[in-house]
Amino acid sequence: MPKKTIGIALIPAYQPTRLLLDLLEELRAAGMVPVVIDDGSSPQADPLFSAAAEYGTVLIHPVNLGKGSALKTGFSYLQERFSEQDFIVVTMDADGQHRVKDALLLWNAAEEHPDTLVLGSRRLEGEVPLRSRLGNRATRLAYRLSTGVSVADTQTGLRAFSSGLVPRMLAIPGDRYEYEMNVLLLCAKEGIPIRELPIATIYLNHNASSHFHTFRDSLRVYREILKFTATSIFP
């Protein structure tokens, strides 16, 4: 069945490897439109981003502003570039840990369920780095206690939603990894449905490519949950 919407893969990238080019090539072959945000990578990455521009659009932050800022730069671009068209945004990581077949799965689900946030939820079992397993478990519990909403994988970066939600996503505060938690908090607050689909769990080289700082970024995430809880108790 032909797609009713454009599927756009939005990919924040900081100091990526050639795995990004492999991902972009596969996305293009699958019929998705890649948009990459270079979030202040070093000059050594310039040739890689030049090659990435052969597969899709590359937006540039001169300095590193964080994943949340990179996503919102992408959302602003999409809102302007595709203003006359319906589209589905699928956010993906640049490090090869998201499969294109899973991105297509989320595209289909977001198309079938507009105004819903679709999450690609990993089964954090088996050969998963301990810090990732424990971190997700703790964040999942904190989110459920704060909102009353259960989400199996609060830290997934593979997410999809329709163009109608873009203005809301742009208004959500957060410049770095806390932004993705704020998205989940907004959904809980405003009653935006969350739909989860199982995806492959891939950790390359024990997640060595991740730029998530365990202490600093976790502190940002939990601070947002505490703020949400406080405003819910004392509006």
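Analyst: Buried means under 20% relative accessible area, exposed over 50%, and partly exposed in between (1.4 Å probe, protein chains only). Helices (H or I, at least four residues) and strands (E, at least two) are DSSP runs, numbered from the N terminus. This is a predicted model, in which local features need pLDDT of at least 70 and side-chain atom pairs count only at pLDDT 80 or more, while totals for chains, interfaces and linings use all residues. Residues are numbered from 1 along each chain as its sequence is written, and side-chain values use heavy atoms, with hydrogens and water left out.

User: Which residues in α4 are buried?

Analyst: α4 has 13 residues. Its buried residues pack against β1, α1, β4 (87-91), β5, β6 (159-162) and β7 (194-199), where contact means heavy atoms within 4.5 Å. The buried residues are Val 100, Asp 102, Ala 103, Leu 106, Trp 107, Ala 109, Ala 110 and Glu 111.

User: How many Å does α3 reach from its first C-alpha to its last?

Analyst: The expected span of a helix is 1.5 Å times one less than its number of residues. Helix α3 (residues 67-81) has 15 residues, with 21 Å expected. The model comes close to that, with a reach of 21 Å.
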